[in-house]
Amino acid sequence: MPELPDNCYTFSVAELAEIKETYQLLLADKHAHNRQFKKRERHFQWNLVVLLVSFVLSLSLCWLTIRLLGFVFGMLAQGMDLRSISSTLARYPTTILIIMSGPLVMLLVIIEFVWIKHKKDLDRYLFNQFPTSAVRYNHTPYLKTFHIQQMIKLPDYLIIWPVAKERQIIPTPDQVSCWIIRKADQPAIYNKLSTTYYNNLLKNPKASRWVDYWLIDGTKKDN
């Protein structure tokens, strides 16, 4: 790693460990006491229950699909030609379509389950990507508009998680997924980014519902 002492803010392994510990305690506190966190948890748990029911129904459809295929192969084994089999099945087009949709429904349910599970545990997923090796951030970042997955506001630090495809906005020569701003180094950016993000969340009806989740603020107490 080349030395860039004059152009970067450096976060040592020890400092990152202290930040991560504070970060972890903040997440635990929010999950235990913040109403939006609890409401969001229940929201996604309900979604997962609905998906589980859908998965069970799709299993039934898959079982019927196997039975249908067994029926077709059985008729073929008895010497019936495909035209006769098609004619027989054509009498029940809707039923056949519903039965054959079973595997597709199961695939869609699995994909939806993975997506919802990821959204439900986004804060923990991002926390696990927090850097543990020394990181450097440039003094003069090029600030342009970018999308944020989540922002963590600690009393002395601001942790910004840009969406994966916009991580190049992070002003660092190192391979990291988040931008850490030390308040003592960049108080203006620390205040501007957190305030702007908070105001933008409030303007968005969908985002404002979970504003405490998208901007996890450790500088204020929950009501």
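**Voids, charges and contacts**

Q: How much space lies in the largest cavity?
A: The largest cavity holds about 40 Å³ of space, where a cavity is a set of points on a 1 Å grid over the protein atoms alone at which a 1.4 Å probe fits but cannot get out, and the volume is the space filled by probe spheres set on those points, which are joined across faces, edges and corners. This is a predicted model, in which local features need pLDDT of at least 70 and side-chain atom pairs count only at pLDDT 80 or more, while totals for chains, interfaces and linings use all residues. Residues are numbered from 1 along each chain as its sequence is written, and side-chain values use heavy atoms, with hydrogens and water left out.

Q: How many cavities of 30 Å³ or more are there, and which residues line the largest one?
A: The structure holds one cavity of 30 Å³ or more. The lining of the largest cavity, meaning residues with an atom within 4 Å of a point, consists of His31, Phe37, Arg40, Glu41, Phe44, Lys120 and Tyr213. Helix α2 supplies the largest share of that lining, with four residues; helices here are DSSP runs of H or I with at least four residues, strands are runs of E with at least two, and both are numbered from the N terminus.

Q: Which side chain does Glu41 meet in a salt bridge?
A: Glu41 pairs with Lys120 at 3.0 Å, N to O, a salt bridge being a side-chain nitrogen of Lys or Arg within 4 Å of a carboxyl oxygen of Asp or Glu. Because Glu41 lies in helix α2 and Lys120 in helix α5, the pair ties together parts that are 79 residues apart in sequence. Lys120 has 11% relative accessibility and therefore counts as buried, given that buried means under 20% relative accessible area, exposed over 50% and partly exposed in between, with a 1.4 Å probe and protein chains only.

Q: What about Lys117, buried or partly exposed?
A: Lys117 is partly exposed, at 36% relative accessibility, and its side chain meets that of Asp121 in a salt bridge of 2.5 Å, N to O. Asp121 itself is buried, at 13%. Salt bridges with shared partners connect Glu41, Lys117, Lys120, Asp121 and Arg124 into one network.

Q: How many salt bridges does the count come to?
A: The count is seven, and one of them joins Arg182 and Glu15 at 2.8 Å, N to O. Arg182 sits in strand β5 (residues 179-182) and Glu15 in helix α1 (residues 13-33), so this pair links parts 167 residues apart in sequence. Both Arg182 and Glu15 are buried.

Q: Switching to Asp123, which side chain of opposite charge is nearest?
A: Asp123, in helix α6 (residues 122-127), is buried but has no salt bridge, and the nearest side chain of opposite charge is Arg124, 4.2 Å away; Lys and Arg count as positive and Asp and Glu as negative, while His and the chain ends are not counted.

Q: What polar contacts does the Asp123 side chain make, then?
A: The Asp123 side chain makes one with the side chain of His31 at 2.5 Å and another with that of Tyr213 at 2.9 Å. A polar contact is a pair of N or O atoms within 3.5 Å; within protein, one must be able to donate a hydrogen and the other to accept it, and residues adjacent in sequence count only if both atoms are side-chain atoms.

Q: And which backbone nitrogens does Gln36 reach?
A: Gln36 lies in helix α2 (residues 35-77), and its side chain reaches the backbone nitrogen of Val211 at 3.1 Å, while a polar atom of that side chain lies 2.8 Å from the backbone nitrogen of Asp212. Gln36 counts as buried, at 19% relative accessibility.

Q: Last topic: how much space lies in the largest pocket?
A: The largest pocket holds about 520 Å³, a pocket being an open set with protein on both sides within 12 Å along at least five of seven lines. Of its 18 lining residues, the closest to the centre are Phe146, His147, Ile148, Tyr197 and Asn200. Strand β3 (148-153) and helix α7 (187-203) are the elements that give two or more residues to this lining, and α7 gives the most, with six.
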